[in-house]
Amino acid sequence: MRSSVGIGFVVAVLVAAAGFLIVPPLILGAPLEPVMGFVQKIFYVHVPGATMLFLSTFAAAGGSIAFLFKGSEAGDRVAAAAAELGVLFGACTLVTGPLWGRKAWGVWWQWDARLTSSLLLFLMLIAYMLARRYGGPAGRKLSAALALFAAVDVPLVYKSVDIWRTVHPKTTVVPSLDPRMRPAFWSSFLLITILWGVLLALRVRLERQRALVAALRLDTDDLLEAGR
Amino acid sequence: MKRATNILRALVAAAWVLALTSGTALAQEFQRVEGAARQEVPAGQFVGLAYGFIWVAVLVYVFFVARGLARTDKEIAELRRKVDEATRR
């Protein structure tokens, strides 16, 4: 059991090391955006971070569907792990976005469709975690239902910039990206996706071990009771 | 009746004051100022904060997950030992 934790850590450390070695030079070497200048470099982590928020929400919803309709405990564990990662990457998106916006727009925050719907998605994932932790016996089912609602919000967040008039850049930014900026963007995207996968695997393992501890505690109690 | 008239007069007066002040606001023009200090926001600090936040958040998260895994590993070993002892008896 301990060796498997070690492998997870080795992978996480290797990914982080690769990130520090390969991606920053590519990001620094990418050409400056003519209007925004150096602050546009936040784009290389902001967009992958937001994508991981979407991916986490879909993974949480997928796991929740398996749990709600098939009673899959593994699905529930994936959902719990993914929702937590959604909060992590949601926080990263909601912190890096205003830092970029302060320089590019002159304000930290705008109550426009993209920003507000992203905040709602983040709050829904926090609600998932709260319902799971404090919802009592029905907490897991309640949180699974919340994950489904959160997944419905994802396409709305993504398309909000095309449907409503917002200050946020549109979805055409990535497809029309300058070819000299693409290596930096896609390497950062790949790195953050790998990091997300490693973190998800580690977090699912933790959920599995917690379930094992609970089962072993019951066994121990039963055996000790029978011994008396 | 007289009281109602006074209230009505006060309301009309308030409406006039509001209309006049908003009119003044609308009448204002943007004035060109020479040599005004331009607000410069340092981009480097924002980029550094954004990247720093992400790495710190991920590292803190990894630390908590690792701590949880180490703790459950210990508990599992302890509980297995107890189960083995109990079954031997």
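Predicted model: local features only at pLDDT ≥ 70, side-chain atom pairs only at ≥ 80, totals over all residues.
Trainee: Which helix of chain B does B:Tyr51 lie in?
Mentor: Residues are numbered from 1 along each chain as its sequence is written, while chains are lettered from A and ligands numbered from 1 in the order in which they are written. Helices (H or I, at least four residues) and strands (E, at least two) are DSSP runs, numbered from the N terminus. By that numbering, B:Tyr51 lies in helix α2.

Trainee: Is B:Tyr51 buried, exposed or partly exposed?
Mentor: Count neighbours, using C-beta atoms placed from the backbone: 20 or more others within 10 Å of a residue's own make it buried, 12 or fewer make it exposed, and in between it is partly exposed. B:Tyr51 has 18 other C-beta atoms within 10 Å, so this residue is partly exposed.

Trainee: How far apart in space are B:Tyr51 and B:Ile76?
Mentor: Look along chain B, which has 2 helices and 0 strands. In sequence, B:Tyr51 and B:Ile76 are 25 residues apart. From C-alpha to C-alpha, the distance between B:Tyr51 and B:Ile76 is 37 Å.

Trainee: Now chain A: what is the order of its elements from the N terminus on?
Mentor: Chain A has 6 helices and 0 strands. Its C-alpha trace spans about 80 × 40 × 25 Å along the principal axes. From the N terminus on, the elements run α-α-α-α-α-α.

Trainee: What share of the residues of chain A counts as buried?
Mentor: For chain B, with 89 residues, the share is 11%. For chain A, with 228 residues, the buried share is 39%.

Trainee: Which residues from elsewhere in the sequence does A:Ser56 touch?
Mentor: A:Ser56 sits in helix α2 of chain A and is buried, with 29 other C-beta atoms within 10 Å. Leu85 of chain A is 29 residues away along the chain, yet the C-alpha atoms of A:Ser56 and A:Leu85 are separated by 6.2 Å. Two residues are in contact if their C-beta atoms, placed from the backbone, lie within 7 Å. Not counting residues up to four places away in sequence, A:Ser56 touches A:Ala82, A:Ala83, A:Leu85, A:Gly86 and A:Phe89.

Trainee: How far apart are the end C-alpha atoms of α2(A)?
Mentor: Helix α2(A) is mostly covered, with 20 of its 28 residues buried. The expected span of a helix is 1.5 Å times one less than its number of residues, so α2(A) should span 40 Å. That agrees with the model, where the end C-alpha atoms are apart by 40 Å.

Trainee: Which members of the largest nonpolar core touch the most other members?
Mentor: A nonpolar core is a set of buried Ala, Val, Leu, Ile, Met, Phe, Trp, Tyr and Cys residues joined through C-beta atoms within 7 Å. This one has 61 residues. Those touching the most other members are A:Ile42, A:Ala60, A:Ala79, A:Tyr128, A:Ala147 and A:Ala150.

Trainee: Are α3(A) and α2(B) roughly parallel or antiparallel to each other?
Mentor: Axes are lines fitted to C-alpha atoms, for helices over the stretch in contact, and angles run from 0 to 180 degrees between N-to-C directions. Here the axes come within 9 Å and cross at roughly 175°. Angles under 35 degrees count as roughly parallel, over 145 as roughly antiparallel, 65 to 115 as roughly perpendicular and the rest as oblique. So α3(A) and α2(B) are roughly antiparallel.

Trainee: How many residues in the contact of α3(A) with α2(B) are nonpolar?
Mentor: The contact includes A:Leu88 and A:Trp100 of α3(A), and B:Phe46 and B:Tyr61 of α2(B). Ala, Val, Leu, Ile, Met, Phe, Trp, Tyr, Cys and Pro count as nonpolar, Asp, Glu, Lys and Arg as charged, and the others, Gly among them, as polar. With 1 polar and 2 charged residues set aside, the number of nonpolar ones is 14.
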